[in-house]
Amino acid sequence: MATADPFENATRQVNDACDVLGIDDAGLREYLAMPNRLVRVKVPVRMDDGRIRVFVGFRSQHNNDRGPYKGGIRYFDPEGGPEYMEREVMALSSWMTWKCAVVDVPLGGGKGAIYVNPKKEGLSAGEMERLTRSFAHAISEVIGPEKDIPAPDVYTTGREMTQIMDTFSKMSGNRRLPGVITGKPIPMGGSLARNVATGLGTAYCVREAAKVLGVGMSGARVALQGFGNAATFAGEYLEKQGATVVGASDSRGSISIPDGATMKALEDWKAKESTVVGFPGSKKITADELLTSKCDVLIPAALENQIDADVAGRLQCKIIGEAANGPTLPEADPVIHSRGIMAIPDILANSGGVCISYLEWVQNNMGYYWTFDEVAKKMEEHIVRGFSDTHGLSKKHGIDMRKAAMVLAVGRVVEAFEHRGIWP
Ligand code: NAD
């Protein structure tokens, strides 16, 4: 995939939304597509053996017309090298702008990265901490609770978020500034419900889709691709709505469970065997068979590029809840739409994570913390409204939900831009 330019892809989606919105002004289109600022930094680290190593880091700040930039920091080594990574963070920061706008949280889009694979390279805890603090120092001028609020992403966790917060606070005259970053552990100012956020948000979206399609959730059959954070909480909350899991998968393989299984039984099996494969009463199937199995709800919650036009033509579900980022290829969208299947796009279906990141930041700023149920309820309001607004535009323009979500998001950013104008 390293040859495809992800930023070109993101730009195409902005232009498609502009077509629907009747935005012809080439300058405005360029304004919407381009990041406001792209920072490329040198990240020097003293390694355990005494050598100095210089890493390359990025922070792309796409758009802040609706609020401070928001988006993860990943440590990864994509095939195309740092040049590809630069284009990737530009694209990912653009998608964050649209994700925040769809669910109407007052934040913009950002994304950061260091070109390193800590797992492959076996970096020690000390090297990881020095790398993280060096990067925090390098981007300290462009981040801040009112400027740009990073979060965890691939190979970064609450530990790295705490180190970034601590570095930034110490560099700011020892001020307490938990709102500079989200995804923190609870004792560091993290939010309750953050761990379940993505899967819970997906389950809310599926519930709303089922309502408009007239699909009953009681007894609905669910197939989960992936069995990590997003998939398991989506499964658990769909089960609470009355659904039954009839298919699941992980990196070791896929299974069908004709009589269905409880999430608890599947999770217990996975905890014991490190895979869902071999679950009593299940049959091993291929990944393709899982995706095209007969079910009401399909939750791709593992990898990108899973549903192409061929798979789309053979799907047997009624609703797809894209917990994963980018599980559907562009050529599959018209096939899915024409077959009357509702695909809830990733920027909406997995936005529970960013909604609760926003709520974490709000709690940090006011210094008062909500209960799990309060946080979940506030997140539900954002997601349900995002779904309903997206669905309304999809009906109005006769377009699929993915395009409608982009139309909604781009329209909201244009509105904010028009209020602000250009200055100086
Ligand atoms: P995770 O690491 O917890 O789980 C990933 C799961 O995918 C694991 O169960 C793994 O076994 C499985 N997997 C890996 N290769 C597979 C394969 N070939 N076939 C089937 N399953 C395979 O990750 P996660 O946090 O659940 O993220 C999953 C997806 O959701 C990613 O696309 C991620 O970008 C997206 N997402 C997650 C969050 C979040 O807050 N966790 C937020 C937004 C988007």
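**Notebook: predicted chain, residue by residue**

I began with Asp104, which counts as partly exposed at 28% relative accessibility. I use buried for under 20% relative accessible area, exposed for over 50%, and partly exposed for in between (1.4 Å probe, protein chains only). This is a predicted model: local features need pLDDT of at least 70, side-chain atom pairs count only at pLDDT 80 or more, and totals for chains, interfaces and linings use all residues. Residues are numbered from 1 along each chain as its sequence is written, and side-chain values use heavy atoms, with hydrogens and water left out.

I looked up where Asp104 sits: the loop between α3 (81-102) and β4 (109-115). Helices (H or I, at least four residues) and strands (E, at least two) are DSSP runs, numbered from the N terminus. Asp104 is not a glycine, yet its phi is positive, about 55°. Asn174 also has a positive phi, about 60°, and is not a glycine. I found Asn174 in the loop between α6 (158-171) and α7 (197-213). Asn174 counts as exposed, at 60% relative accessibility. Then I checked the peptide bond between Trp423 and Pro424: it is cis, with omega about 0°. Pro424 lies in the segment after α16 (401-420). I note the background: most residues other than glycine have a negative phi, and most peptide bonds are trans.

**Ser249**

I placed Ser249 in strand β7 (residues 244-250). Ser249 is buried, with a relative accessible area of 5%. A polar atom of its side chain lies 3.0 Å from the backbone nitrogen of Gly226. Contact here means heavy atoms within 4.5 Å. Leaving aside neighbours within four places in sequence, I listed contacts of Ser249, including Gly226, Phe227, Val276 and Leu290.

**Ala261**

Ala261 belongs to strand β8 (residues 253-261). I found Ala261 buried, at 8% relative accessible area. Beyond neighbours within four places in sequence, Ala261 contacts Glu239, Thr244, Val245, Leu266 and Phe279. I also took a C-alpha to C-alpha distance: Ala261 and Ala416 are 47 Å apart in space and 155 residues apart in sequence.

**Whole chain**

I counted 16 helices and twelve strands. The radius of gyration is 21 Å, close to the 22 Å of the globule rule for 424 residues, so the chain is as compact as a globular protein of that length. That radius is taken over C-alpha atoms, and the rule is 2.2 Å times the number of residues to the power 0.38. Of the 424 residues, 58% count as buried. The C-alpha atoms fill a box of roughly 60 × 55 × 45 Å along the principal axes.

Technical notes. A polar contact is a pair of N or O atoms within 3.5 Å; within protein, one must be able to donate a hydrogen and the other to accept it, and residues adjacent in sequence count only if both atoms are side-chain atoms.
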